[in-house]
Amino acid sequence: MPEPGLTLERVTIRRGGRALVEISGHVAPGEVLTVMGPSGSGKSTLLSYIIGTLDPAFDAKGRVVLNDTDITDLAPEQRHVGILFQDELLFPHLSVGENLAFGLRASIRCRVERGRQI
């Protein structure tokens, strides 16, 4: 039976031969995994590896499994995983709706459909 949640299997991330992160574990739906450490210890780098946007300057090994599907080698858009950063990354001169509209696909041209998605 598939195990729902996020599994990190022997994930190791290195930069310049130095290990920044070494982690294995499973986070079931509704659970929280806390990763703590000083600035530069690899917390955001681990998140980048999970979502598939790790900078090529890093060397990473290990598997990322989501709901029993190995997503390690999938493109970011195929993983259906995202992160929400603590810092606001909105355009201050736009409204909430305009900020949301900015992220919509350009192929959605109909005003009614854009409004519905916002």
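From the N terminus onward, the elements of the protein chain follow the order β-β-α-β-β-α-α-α, which comes to four helices and four strands, where helices (H or I, at least four residues) and strands (E, at least two) are DSSP runs numbered from the N terminus. Please keep in mind that this is a predicted model, in which local features need pLDDT of at least 70 and side-chain atom pairs count only at pLDDT 80 or more, while totals for chains, interfaces and linings use all residues. Residues are numbered from 1 along each chain as its sequence is written, and side-chain values use heavy atoms, with hydrogens and water left out.

As for overall dimensions, the C-alpha trace of the protein chain spans about 50 × 40 × 25 Å along its principal axes. Of the 118 residues in the protein chain, 23% are buried, meaning under 20% relative accessible area with a 1.4 Å probe, protein chains only.

Now, which residues lie nearest the centre of the largest pocket? They are L33, K43, L47, I50 and I83, out of 26 lining residues; a pocket here is an open set of points on a 1 Å grid over the protein atoms alone, where a 1.4 Å probe fits, with protein on both sides within 12 Å along at least five of seven lines, and lining residues have an atom within 4 Å of a point. The elements giving two or more residues to that lining are β1 (6-15) and α1 (43-51), and α1 supplies the largest share, six residues.

Technical notes. Buried < 20%, exposed > 50% of the residue type's maximum accessible area, 1.4 Å probe, protein only.
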